Amino acid sequence: MLSNKQKSSNLEAMAEMLRNLTQEDFQLVMELVEQSPVPLNEDPQIDEGTPCCPHCSSNHVHRNGFVRGKQRYLCQECGRTFGQTTGSVRYKSKHSKETWETYLEAFALRLPLRDAAGRCGIALSTAFFWRHKILDALSNGKNGLLLSGQVQEDETYIQDNFKGNCNAENNLATRQKQERSPAYKTHRVTGHRHKRGKATHTRGLSKQKICIPCAIDEQGRTLSKAAGRGMVQPAHLSFALSSHLDDDVVMVTDKSRASQEFCDLNSLPVVQLKAGIKGCEVRGRYNLQKINNLHSRLKGLLAPFRGVSTKYLDNYLAWNGFEAENPGVGRLDLKEMLLDRMQAIGRCSTYLEVFHKPPLPFPAAG
Ligand SMILES: [Zn+2]
């Protein structure tokens, strides 16, 4: 048996060969595959008989007894033990696989939490926890991402918001009220009195808007990150993008000084286009259409929430990225993709990590 790493490099090589085929040859290959008498192999990770080690992806594993009625395995390569759900989103969850599948479907359909909780027979708080467990996994999946080729970059701004920060601690375990100053007092810059929602008296771009640099590359891979407050600064762009740009990147941005400075600072080639209300400039193969689509998609995704808490913003950005990276995919196919993705996420977030998410670490400029 091949390890997962070898397998994926083999598959990549195969995909490369297929891409280089002419249309006719490609059709021929497809016909041969369909006529093949051998049944197509199932992914061993999904087949419950032969799991791979989630720590080192080796297939060399032995059964290692049961814990609470569930089979454990011992990896012969790295010597660590694991269960059927180690490394998946269901790790340490007491709910069944079926409940999780129903939830992932509700998630893919973008159902409101209350509906999702009803369908799965789980509590509302559990539904919220699961949403952010999934989103944390999608967000962490972006850590090693490298954008390459033509990278369109632009910022969008979202009102800061402190929904649900005040009582989170008081509702947990002890149920005793703790003296704790709510986040809107410590983090909102103007001392605005409302706990949540909009600062209605401030219009336009102000320090109460969170600056979100977004980028999308030629392959359609996206990166969006809440980076700070107010008008975009080069530091915001460095915070969001610098570790995610490959050597061959050509930045395509609007005519903002911050992006000019950021590109100069990192010696990146840049094409700056005029972006207006009447549509953006297109110069040769350079345009800002993909990034504008990403922004309008984000507005659409966030609209029903009437504001999301700023500390969860990165998670919603990852959600938007996931949907944008799979355009034109039906909601139910999206569920299948999520199901696959959630099998191998490495480490999954705990209840406390989700409910006690700290305010976002903004760079000094923010
Ligand atoms: Zn191992």
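**Working chat on the predicted chain**

Tutor: Among contacts in the protein chain (C-beta atoms, placed from the backbone, within 7 Å) between residues at least 6 apart in sequence, 60% join residues at least 24 apart. This is a predicted model, in which local features need pLDDT of at least 70 and side-chain atom pairs count only at pLDDT 80 or more, while totals for chains, interfaces and linings use all residues. Residues are numbered from 1 along each chain as its sequence is written.

Student: How many helices and strands are in the protein chain?

Tutor: The protein chain has 12 helices and 11 strands. Both are DSSP runs numbered from the N terminus: helices are H or I with at least four residues, strands are E with at least two.

Student: What share of the 366 residues count as buried?

Tutor: The buried share is 30%. A residue is buried if 20 or more other C-beta atoms lie within 10 Å of its own, exposed if 12 or fewer, and partly exposed in between.

Student: Which residues of H5 are buried?

Tutor: Among them are Trp130, Ile134 and Leu135, together with Arg131, Lys133 and Asp136. The cover over the buried residues of H5 includes H3, H4, H10 and helix H12 (351-355).

Student: What should the 17 residues of helix H5 span?

Tutor: Helix H5 (residues 124-140) should span 24 Å at 1.5 Å a residue, and its end C-alpha atoms are 24 Å apart, which agrees. The expected span is 1.5 Å times one less than the number of residues.

Student: Changing topic, what is the strand order in the open sheet of 3 strands?

Tutor: The order is S1-S2-S3, with antiparallel pairing. Strand S1 (61-67) and strand S3 (81-83) are the edge strands, as each pairs on one side only. Two strands pair if DSSP finds at least two bridges between them.

Student: How many bridges join S2 and S3?

Tutor: Strand S2 (residues 70-75) and S3 pair over 3 bridges. Arg72 has Gly83 in S3 as its bridge partner.

Student: Where is Arg110 found?

Tutor: Arg110 lies in the loop between helix H3 (97-108) and helix H4 (113-120). Its phi is near 55 degrees, a positive value in a residue other than glycine. Most residues other than glycine have a negative phi.

Student: Is Arg306 buried or exposed?

Tutor: Arg306 is exposed, because it has 11 other C-beta atoms within 10 Å. Arg306 sits in the loop between helix H9 (289-302) and helix H10 (313-325), and its phi is near 50 degrees.

Key
Two residues are in contact if their C-beta atoms, placed from the backbone, lie within 7 Å.
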